[in-house]
There are 2 protein chains.
Amino acid sequence: MASKPSIPQGTRDFSPAEVSKRQYIIQTIKSNFEKFGFQPIETPSFENSDTLMGKYGEEGDRLIFKILNSGNFFFNKNKIELPESIESLQVNSAETISLEQRIELNKFTGKISEKALRYDLTVPFARYVVQHQNEIEFPFKRYQIQPVWRADRPQRGRYREFYQCDADVVGSKSLWQEVELVQLYDTVFTSLGLEGVTIKINNRKILSGIAEVIGASDKLIDFTVALDKLDKIGEDGVKKEMIEKGIAEEALVKVQPLFNFTGTFADKINQLSNLLSSSEEGMKGVEELKFICDNVATLGLATATLDLDVTLARGLNYYTGAIFEVAAPKTVSMGSIGGGGRYDDLTGIFGLKNMSGVGISFGLDRIYLVLEELQLFPETVAATSKALFINYGDAEALYASQAIQKLRKENIKVELYPDNVKVGKQFQYADKRLIPFAVIAGEQEIASNSYSLKNLVSGEQISVDFEGLKAALLA
Amino acid sequence: MASKPSIPQGTRDFSPAEVSKRQYIIQTIKSNFEKFGFQPIETPSFENSDTLMGKYGEEGDRLIFKILNSGNFFFNKNKIELPESIESLQVNSAETISLEQRIELNKFTGKISEKALRYDLTVPFARYVVQHQNEIEFPFKRYQIQPVWRADRPQRGRYREFYQCDADVVGSKSLWQEVELVQLYDTVFTSLGLEGVTIKINNRKILSGIAEVIGASDKLIDFTVALDKLDKIGEDGVKKEMIEKGIAEEALVKVQPLFNFTGTFADKINQLSNLLSSSEEGMKGVEELKFICDNVATLGLATATLDLDVTLARGLNYYTGAIFEVAAPKTVSMGSIGGGGRYDDLTGIFGLKNMSGVGISFGLDRIYLVLEELQLFPETVAATSKALFINYGDAEALYASQAIQKLRKENIKVELYPDNVKVGKQFQYADKRLIPFAVIAGEQEIASNSYSLKNLVSGEQISVDFEGLKAALLA
C-alpha cells in the first residue's frame with residue numbers, strides 16, 4: 001500500500017495522553033454515578049434496524065449508520081432488484097432526491113441491511129428495559145457510558161463517533177430524582193475541579209402553560225423554538241418569528257415578562273405563578289420547579305448554580321417534565337456540556353406503558369475541551385512510568401529486572417529499556433515519555449548491590465539500596 | 001411495536017452484575033499493563049475498508065462487517081447498477097455462489113460501502129503506528145482494550161461483538177520483551193486469583209527448522225497444522241495427515257522425539273538442539289527460547305508455569321518469532337484464555353518497514369467464564385449501594401437527603417428510595433438489589449436527630465447519630 005493510511009472522516013485516534021485524560025473524566029463520572037446508586041449496563045454497538053428506525057425523526061433516520069448484511073449472504077432472503085427509479089440515479093445530496101425515490105431507496109436499504117449502529121443510549125436503554133423487565137428491580141437506576149455513531153456532517157467539535165455518559169431512572173415519578181440529578185451534576189463537576197457551571201432547568205409543563213395562556217397550544221413547538229432563540233436573536237427577533245408563525249401580537253403582550261425574566265429563582269417562580277394562574281398544566285409545572293428548587297436550596301450545591309431558564313426547550317419532542325441543560329463557566333466559550341430531562345413514557349415505543357423516566361447526560365468531548373482550556377487536568381493523569389531502568393546488556397538487564405519485578409509488586413510503574421543501545425538514546429526516550437526518574441545499574445552497582453537513581457528533572461543523582469529505591473519511587 | 005424487542009444474533013446485553021465483573025477483569029488487566037509501562041491508545045470503531053480488507057485472508061474478509069455509505073448519499077459517486085449475474089441471485093450460503101458472482105458482488109459492495117467495523121486491534125494498531133510515526137517515541141509500548149466485530153456464525157462462547165485486550169511493543173527486537181510478556185501474563189492472572197495457568201511458548205523458527213530438517217520446508221503450513229492437532233488426534237492421526245500431505249514417511253522418523261516431547265524446559269531445549277543441529281534457523285529458535293526461559297526462571301513466576309509446546313502454531317501466518325498461548329488451569333475445560341507472539345514486520349502492510357512487534361492478548365469472555373466457574377470474583381465487585389434510605393414522605397426524605405449528601409462526600413454509596421410507598425416494598429427493593437443496610441429516619445428519628453440503621457442480613461437494628469451512621473457504613 002503506497003498511500004499514507006488514514007481514518008474515516010469524523011472519527012479520531014486517541015493518543016496515550018488523550019486516552020488518559022478521557023479516562024480520568026469517565027472514571028470521575030462513573031464513580032459519582034455509583035455513589036448516587038446508579039448501576040452500569042452495556043448494550044450492543046449495533047441493534048436491529050427496526051429498534052432504531054423511526055425513533056429520531058426523519059433527520060435522525062438519515063443519520064443512522066446501517067450495516068450491510070454480513071458476508072455474501074445479503075441476497076439470501078429475497079430476490080432483490082434495484083428499483084428502476086434508482087438504477088440510474090446520481091444524487092449529490094439528499095435534497096435532490098424525490099420522496100418516491102427516497103422511499104424506494106429505503107426499501108432497498110432495508111433489504112441489504114438489517115442492523116444499524118447505536119445512535120444514542122436512550123433508545124437502546126428503553127429496549128433493554130422492556131426486554132429484561134422481568135429481571136429488573138424497579139425503580140431502575142442505570143448508567144451507561146458507551147460510544148454512539150451519527151452520520152452527521154463532521155465539523156469542529158462534532159464527530160461521527162463519540163461517547164455518551166448517561167444516568168437515568170426508570171419506573172418512578174418522584175421529583176426527588178430531579179433533586180438528586182441536580183446534585184449529581186454539581187458533584188461531578190466539582191470533582192473535576194470545574195467550578196461555576198450553571199445548571200439550567202425548565203419544565204415542559206411551563207412551556208405548555210405559556211402556549212395555553214396565549215391561546216397558541218396548537219403552536220407549542222413553533223412557540224418554543226422561537227423562544228429558545230432569545231439569546232441569539234433578541235426580544236424583537238423572537239417576537240417577529242412568533243408573529244410569522246401565526247401567533248397573535250396581542251397574545252405576546254401577555255407573556256411580556258418572559259422577555260425580561262430576571263431575579264432570584266423565587267422571584268421567577270412568583271412571576272410564573274402570576275403568568276400561568278389560569279393554566280392548570282402551567283401551575284403544575286411551577287409547583288414541580290418549586291419543589292426541586294426548594295429542596296436543592298436546602299441541601300445546597302457545592303460549586304454549581306441552579307438557574308430557572310424559561311427559554312430552555314431542548315428535546316421538547318419527548319420531554320414531558322423537567323428539562324436540564326448545563327452551561328460551562330462563562331469564562332469559556334462552549335455550548336452545553338450536559339443535558340437531560342423527564343419523559344413520562346420512555347418505554348412505550350416498545351410496548352411497555354407507564355414507565356416514567358428521568359435522566360441526565362454528560363458531554364465528554366466538550367468537558368474535555370473545557371478542562372483543557374482551563375488547565376484543570378491533574379498532572380498525574382498520564383499513565384507514565386515512574387522510572388526507566390537503563391539497559392547496559394543482558395547481565396545488567398537481569399539485575400534490573402529483578403528490582404523491577406519487586407517494584408511492580410508494590411504497584412510502582414517501572415520499565416526496562418528493552419535494547420542495549422547508546423545511553424543517550426535511552427535517556428532521550430525517558431525525556432520524551434516524561435518519565436521522571438532513570439535507574440542506572442551497571443557493573444559497579446551490581447557489585448555493591450545498589451542502584452543509581454537519577455532525577456531527570458533536577459539532574460540530581462543518588463546511590464541507594466533497594467529499600468531506598470523503593471522509598472524514593474513511592475514518594 | 002407489538003413484538004418483544006430483541007438484539008441481533010451474536011450480540012449481548014450486559015446486566016449491572018455482568019458489567020461490574022467485566023470491569024473488574026478489564027481494570028485488573030489495565031492496571032497491570034500500566035505497571036509494565038504500556039500506554040493506552042484508542043482507534044475508531046470503523047476504519048476505511050481498504051485499511052482492513054485483504055489483511056485477514058479470504059475468510060477474514062468475508063467476516064468483516066461493512067457499513068453502508070451514510071444517509072441517502074450512497075449513490076453519489078458512480079452510477080451503480082446491480083451486475084446482471086447478481087440481479088436474480090438467490091443464495092443461501094457463500095458456498096452456492098460462483099467465483100465470478102463473488103467478484104461482482106464484492107465490486108458492488110465496494111461501491112455502496114467504504115467503511116467497515118474493526119475486526120481486531122492489531123491491524124488498526126499497525127495503521128496507527130504508521131499514521132502517527134512522527135509523534136511516537138519508539139519502542140512504543142501500547143495497550144488497547146476495545147470491542148471488535150466479526151460476522152462469524154454465533155455459537156457458545158463465540159460472539160459477533162467482543163472485547164480484545166492487547167499489549168504490544170513495536171520497534172524493538174529485544175527478547176527482554178518476551179520475558180516481560182510472560183511475567184505480565186503471570187502477574188495479571190495472579191492478580192485475578194486465577195492460579196495455575198500454563199503459559200505455552202513456541203517459536204516459529206523451531207517449526208521452520210523442523211520442516212527444514214525433514215526436507216519439507218515447502219510444506220511448513222501443512223506440517224504445522226497437522227502437528228497442532230497432536231492433542232486431539234494423537235500421534236498416528238498426525239502422522240497419517242502428514243503423509244497424506246506428501247511428507248515422506250522416513251522424514252517423520254527423524255522427528256519422532258516430537259511425539260513424545262516431555263521433561264523439563266531444559267530437557268526439551270536439549271532434545272531440540274540435537275534435533276535441529278543442522279538447521280541454522282532452527283538453532284536460532286532454540287537459542288531464543290533458551291534466553292526467554294532462562295531469564296524467566298531466574299526471575300521466577302508467581303503462580304503460572306511456562307511450558308515449551310512445540311506443537312503450538314497459532315497465527316503462524318504472521319508470527320515470525322515467539323508464539324504464546326495461555327491455558328486455563330486443568331480443572332476447567334476451556335480453550336486458550338490468551339495468546340500472542342512476535343511478528344517481525346508489523347507495519348509493512350502500511351509501508352513502514354523494519355518494525356518488529358511483539359504482543360499478547362487476553363481473552364476477556366473466556367477469562368470471565370473461568371473466574372465464574374471457579375468462583376473467583378470478589379464479592380465486592382458489584383457496584384451496589386451500601387445503604388438504602390427508606391422514604392417516609394417529603395419532610396423525612398429531605399432529612400434523609402441531608403445525611404445522604406454528607407455520606408457521599410465520604411465516598412459512601414447510598415441512595416434514597418425515590419417514592420413514598422409501602423415500607424415493605426422498599427425493603428424488598430433493598431433485598432433484591434443486595435443492598436446490605438437500610439436506614440430508617442421517620443418523625444421519631446428526626447426529633448432526636450438520629451437514624452435507625454438496620455442490617456438487612458442479620459436483621460439487627462441500632463440507633464445512631466450521624467457519626468455513628470458514617471462509622472457503621474464505612475466499616
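## Strands 5 and 6 of chain B

Strand 5 and strand 6 of chain B run antiparallel and are joined by 10 bridges. Within this pairing, B:Ile145 faces B:Cys165 of strand 6. Strands here are DSSP runs of E with at least two residues, helices are runs of H or I with at least four, and both are numbered from the N terminus. Two strands pair if DSSP finds at least two bridges between them.

The model is predicted: local features need pLDDT of at least 70, side-chain atom pairs count only at pLDDT 80 or more, and totals for chains, interfaces and linings use all residues. Residues are numbered from 1 along each chain as written, chains are lettered from A in the order written, and side-chain values use heavy atoms, without hydrogens or water.

## The sheet of chain B

In chain B, eight strands make an open, mixed sheet in the order 1-5-6-11-10-9-7-8.

## Strand 4 of chain B

Four of the five residues of strand 4 (113–117) of chain B are buried, so the strand is largely enclosed by the rest of the structure. Buried means under 20% relative accessible area, exposed over 50% and partly exposed in between, with a 1.4 Å probe and protein chains only.

Strand 2 (46–48) of chain B runs antiparallel to strand 4, with three bridges. Here B:Phe46 stands opposite B:Leu117. Strand 3 (66–68) of chain B also pairs with strand 4 in the antiparallel sense, over three bridges. B:Lys66 has B:Ala116 as its bridge partner.

## Helix 8 of chain A

Eight of the 10 residues of helix 8 (204–213) of chain A are buried, so the rest of the structure largely encloses this helix. Among them are A:Ile206, A:Leu207 and A:Val213. The buried residues pack against elements of chain A including strand 7 (198–203), helix 12 (265–275) and helix 13 (280–299). Contact means heavy atoms within 4.5 Å.

A:Asn203 caps the N-terminal end of helix 8 of chain A, with a side-chain oxygen 2.8 Å from the backbone nitrogen of A:Lys205. A:Gly215 follows helix 8 of chain A and has a positive phi, near 65°.

Technical notes: Polar contact = N/O pair within 3.5 Å; in protein donor to acceptor, adjacent residues only side chain to side chain.
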